[in-house]
Amino acid sequence: MIPAQFEYVAPTTVEDALAALAEGGEDAKVLAGGQSLLPVLRMRLNAPSLVVDLGRIESLRGVRDDGDAIVIGAMTTHSEVFHDPLVNEHATLLVKAIEQLADPQVRHRGTFGGALAHADPAGDLGAPVLAMGATFTIAGAGGSRTVAADDFFQGLLTTVIEDGELLTEVRVPKFTGWGAHYEKFVRVHHQWPIVAVAAAVRTEGGTIAEARVGLTNMGLTPLRARSVEAALAGQPATDEAVRAAAASATEGTHPPSDLNGDADYRRHVATVLTRRAVLAAAGA
Amino acid sequence: MTVTDEVSTGSTGGPREVGSARRRKEDQRLITGRTKWTDNIQLPGMLHIAMVRSPFAHARITHIDTSAAKSAPNVVTVLTGQEVSEEQGVLANAWPITPDQVAPVHPPIAVDRVTFAGEVVAVVVARSAAEARDAAELVDVDYDELPAALDLKEAAEDKVLAHPDLGTNKSALWVFDSAEAGTGGAVDEAIDKARTDGIVLEREYRQQRLIPAFMEPRSVVVDPTGEQITMWSATQIPHILRYLLAATTGVSESKIRVIAPDVGGGFGGKLQSTPEEWITFLAARRTGRPVKYTETRSESLMAAHHGRDQWQRLTLAATKDGTVTGLKVDLLADLGSYVSLVGGGVPVLGAFMFNAIYKFPAYQFKVQTVLTNKAWTDAYRGAGRPEATFAIERLMDELAHELGVDPLEIREKNWIKHEEFPFTTVAGLEYDTGNYEQATAEAKRIFGYDELRAEQQRRREANDPVQLGIGVSTFTEMCGLAPSRVLGQLSYGAGGWEHASVRMLPTGKVEVITGASAHGQGHETAWSQIVADRLGVAFEDVEVLHGDTQISHKGLDTYGSRSLVVGGEALVKAADKVIEKARPIAAHLLEASVDDLEFKDGSFGVRGTDKGIAMADLAAAAFTGHNLPDGVEPTLDSDATYDPVNFSYPHGTHLCAVEIDTETGGLTMRKYTAVDDVGTIVNPLIVEGQLHGGLVQGIAQALFEEAVYDDSGTLVSASFVDYLVPTAADTISFDLGTSVTPSTTNSLGTKGVGEAGTIASTPAVVNAVVDALRPFGVSDVRMPCTPERIWKAIHTGGGTEPTEKDAMPHFDENDVADRTDGASA
């Protein structure tokens, strides 16, 4: 498990990192915690000529309040996000997802931005940020641009981030007072989810006023179950009503088939998990 | 109990070490890793190996171009099978189970043909591991791909040949028949009779292929400098390894020293002589330099031997009241592409165990071993006996279901009663002791069996989406390998004895040398406890040495739950010889008759007086030799080689409760109770540890683990992403109990414990899964019982499909998700 040789730089500013990436061209890889990249390098599935380690860029770490949203620095570790008071107050769905993400070692090394930029369809953060309508700030040679979550994920392990660009922060709208739940289905705890469902729900009395639902590992990218969201609005937070709404969770999904289950099984599980996630988020 | 209390304390009456939950001496260094793992060894000028392995399951090697690799930085040499075919030796099969067994020659480096994906085709030796790895990428191998024999059943029909030159995939057919052996009746008669007036159950079960997945990957260092070539290897079998190196390479055995330093687990996976060991030995001799090879986890999963992999066709005959009358077992066993060290014999180790604890009057066992183009199989924790136990314990549940009675009731009706021991079984083994009634009663009590059955009934009646299943496994096994005479009858290539030495140091401290080779079991602690009791010395004053053929020159190593029952008995005998050697010296110094001496608490005393002399003083007296009786040699050091008279038969009752989420097929283990009879317990902490680990490994077979090949012969479950080894997070707290009937075949009264948990737990779990699903008409779920299989069993009557169809992860569509409706990105 020895990677092929590569050059390594660890800049301390975003500008220096962008400069290093520009110099490295398409053979450069960004190291943002390394929980996915290092195994890839060690198994020689990829052999970049340059690795740009963002681990020393302090400005990319931390969570700040930005009015109607919170802003999470790309290099904030999962563990830091999990413990952050702003996240716990305004974005409980992230807390629920990170609580079940991989194992403690990964949560202490892996980063919020790194995981999202890696864009594994079975990653635990894609569905929550998609459901919450986050926006992504991407820095490049020509300055920064922002991209909506709906447009960020392009395909398998692919996002809108171009060569030479860096994800710097993720802006998550405040979901203060919403209930949230991440329902994850695995055979062993350290496994990638077979299917998972992220749900955030705002209830008024016993009624679901608004709901957001994201699906993990039900296609080449994380997916948002908009038809479920629409069907839930105005419904009572009861098993019966939510069950009916959750039936459409499989619409437009293209889940994979592998040793853990075929696509049809995943579709079925997604409807069950959607119901459970929504009911749990609604406190029902 | 009273008998054992007397013998197991030996001649001392002081505080007992045996039975005390001593913390393990070896744990600090093993757990922190600050110890001599093979890969930690650094020698001056040491070279490093990287292997080039075949990506194909079956292919002819048409050309290998090593020129680019040879000219890469710091590469010392690149070896191919062609270049070294005369000197590389071969890997031995030590257990030809039949005289006409078909076995291909197994070269360490493939010479002209590769026979499984992962086989070594070239070897790069360089000054650093990184440079060796880089250069390995530059070796250019041309292959001419051949059809691969992959499916076990198809391979048994010789449709595609794994080794075309052999003309068949069928390696050996091994048969035991109780009528022929004179140990019982004719099974076909019993089955015919049951077809007319009784019950006949015919079932087919799959033992999926597993990977031992020991914690420390295999590693080997060979230093050719000095008079002896020294090999350090992460092996379970340093003594056997030394013998085999000498036997197959032409190097004199006296010129080879093998050291198994601290070894991080094996589970049978390191009971092997490996291509990697032979290659490193060769590379060191060729270069004249120390050479190291440490495998990656990917290599380990792909190319270290696998385990299990059987199809089991079973026919059980019984009378209408559920009394068993016959059992017929017909196995296909997948050897993989070579007949490995004891691989062919693994199913034979199960041959005597399908009848288990039950009084079958007629029994027949057949196994056809089959060559395929997959990684070779060999011992994996339990080796043959988990397969047997699974089959019979699943069948007994089926019989109970057929009769509509409780699965424990049908077992009790058929098992050997405690007053019937010693009992000679239909397979010809004599079970010395056991008490199935007692273990079962205790297990039911701890488990809360009746309450859980009542809860199960309530959930069934209420159509609860979460159903409860209760699984039973009343297992026994044969371990303590093995009486040499029996091994000889089975054509095994070695004996089954074990050796021990006790050295009395001048300061009164004790060195114990054992031929068993611990790789995590805790021998250092348990052996110290035994010697402390036997010789009356302090636990801390005993040092246990093992695993180095220069120190422990004689031994047959560790596997088959043999170390304590065989090696421990050798140790007891060696310690008793020390006492007997000390006796005349003590009598001389005490000016007493030997007949008046008694040995107690580490001292000889003269009966009726307060005169005495301690063992430490006698060690000093022997050391100085100043004042010994005439003709007595000046040493107390003693050794013993012990050949067991019988196997050892631990048993137990395991009860498992699982909750099945019928909406998803998800499974949650609710409760697991194991009451095991492992005879006299030397160290309860070690026994609990062995059981915990063993249980998890057996549960993993039931629920999580499977080595899966795709239809081109590539191992899909080739990393821990897909080969699901459970962790502590995936287990529950087990409720353990004990029921002790000391073995009568060794003086401590011990039985084996290393494999018990693994053997017992798999059927307990699968029986629980099937029990939960009975209301849905389900009678089997194939292992591993994944949520998908469980769900399909409930909703579509499936659950028994093979895993291969989904072997290659894939998406149904090449496109990203439809963005226009429903879920969208």
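Me: What percentage of the 284 residues in chain A do buried residues make up?

Reply: A residue is buried if 20 or more other C-beta atoms, placed from the backbone, lie within 10 Å of its own. In chain A, buried residues make up 55% of the 284 residues. This is a predicted model, in which local features need pLDDT of at least 70 and side-chain atom pairs count only at pLDDT 80 or more, while totals for chains, interfaces and linings use all residues. Residues are numbered from 1 along each chain as its sequence is written, and chains are lettered from A and ligands numbered from 1 in the order in which they are written.

Me: How many residues does each chain bring to the contact between chain A and chain B?

Reply: Two residues are in contact if their C-beta atoms, placed from the backbone, lie within 7 Å. Here chain B brings 38 residues and chain A brings 40 residues.

Me: At what angle do helices α21 and α22 of chain B pack?

Reply: Two packed helices are described by the angle between their axes and the distance between the axes. Helices are DSSP runs (H or I, at least four residues), numbered from the N terminus. Axes are lines fitted to C-alpha atoms over the stretch in contact, and angles run from 0 to 180 degrees between N-to-C directions. Helix α21 (residues 684–703) of chain B and helix α22 (residues 756–773) of chain B pack at about 40°, with their axes 7 Å apart.

Me: How many helices and strands does chain A have?

Reply: Chain A has 12 helices and 15 strands, where strands are DSSP runs of E with at least two residues.

Terms used: A residue is buried if 20 or more other C-beta atoms lie within 10 Å of its own, exposed if 12 or fewer, and partly exposed in between; C-beta atoms are placed from the backbone.
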